[in-house]
Amino acid sequence: AQFGPNSFFTLQRVIEKRICDRNGGEYFDLDSIMGMIRLSNWDPDLYYKFREEILDRIIEPQNHSLLTDIARDMQSIWDNYYHLEQDRDVCYEIGRFYYGIQYYEKSLAFYLKSTQLHGTHHITEYNKSLCHTGLGDTESALKSLSCSLELEPTYVKALELQKQLLRSQDERIEISSAKNLVGKRHREQDQSNSLSHLSLRNRATLTHRVTIDPEVITRRVQK
């Protein structure tokens, strides 16, 4: 007898029954679960069924090459996806996986696909903001958060992240202003030190030049 669909279905039932038994002797790790999905020829429905178990396991210490392999598996799963069921948002779940391994650009791309296929959702917009934050794009993150809060004004996670990002943005502005002020004072001090070492004749010449230069600059601006 050959390994066929019935054999695979039997294997799937066994794994599904024991997959969450962390205390038992039949606990299946991430590589074992993904092995089953590969055996299914990267079936999107199978990934959707075991998505939580996979996401639970990627937060555990993993071999980097294993996560790289699984990242490629996700693309194969998506290549096999055909949009039929509105309640099964496979692209959203793939986005969650990519975010979990800090592939923020990939994650964001799948959240965008989710919006295109399933419509705008406040949690998806919040997750987009996390990706933008991971990429260092605070402005885009705040836009996604605003969209999330328009859909669900009381969404606590979005409110907290928005507050955090706005506070960080204000702090960066204050730091930048302080640096500019310090730089200006240093330049003024350097100029003052230079003047103190000039002779009276040189000072008069420099003063004369300083009174002329602003007029030249003004004319250039007007042109």
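Visitor: What is the mean pLDDT of the protein chain?

Guide: pLDDT is the predictor's confidence in each residue, from 0 to 100. Here the mean is 75, and 62% of the residues reach 70 or more. Over residues 203-223 pLDDT stays under 50, and the model has 5 contacts (heavy atoms within 4.5 Å) beyond four places in sequence for that stretch. Where pLDDT is low, the predicted coordinates should not be read in detail.

Visitor: How many helices and strands does the chain have?

Guide: Both are DSSP runs numbered from the N terminus: helices are H or I with at least four residues, strands are E with at least two. This chain has 11 helices and 0 strands.

Visitor: Now the rings. How many aromatic pairs are there?

Guide: A pair of aromatic rings is described by the distance of the centres and the angle of the planes. Rings of Phe, Tyr and Trp (its six-membered ring) pair if their centres lie within 6.5 Å; planes under 30 degrees apart are stacked, over 60 edge-to-face, the rest tilted. The structure holds 8 such pairs. Take Trp78 and Tyr81: their centres are 5.1 Å apart and their planes at 15 degrees, so this pair is stacked.

Visitor: Is Trp78 buried or exposed?

Guide: Buried means under 20% relative accessible area, exposed over 50%, partly exposed in between (1.4 Å probe, protein chains only). Trp78 has 16%, so it counts as buried, and Tyr81, at 15%, is buried too.

Visitor: Which other pair is stacked?

Guide: Tyr98 and Phe110 are, at 5.7 Å centre to centre with 25 degrees between the planes. That pair links distant parts of the chain: Tyr98 is in helix α6 (residues 90-100) and Phe110 in helix α7 (residues 104-118), 12 residues apart. Tyr98 is buried at 1%, and Phe110 is buried at 2%.

Visitor: Which residues form the aromatic cluster?

Guide: Trp78, Tyr81, Phe97, Tyr98, Tyr103 and Phe110 form one cluster.

Visitor: And where does the charged end of Lys113 sit?

Guide: A charge sits over a ring if NZ of Lys or CZ of Arg is within 6 Å of the ring centre and within 35 degrees of the ring normal. Lys113 has its charged end over the ring of Phe110, 5.9 Å from the centre. Arg51 lies over the face of Tyr48, at 3.9 Å.

Notes
Residues numbered from 1 in each chain as written. Predicted model: local features only at pLDDT ≥ 70, side-chain atom pairs only at ≥ 80, totals over all residues. Heavy atoms only, no water.
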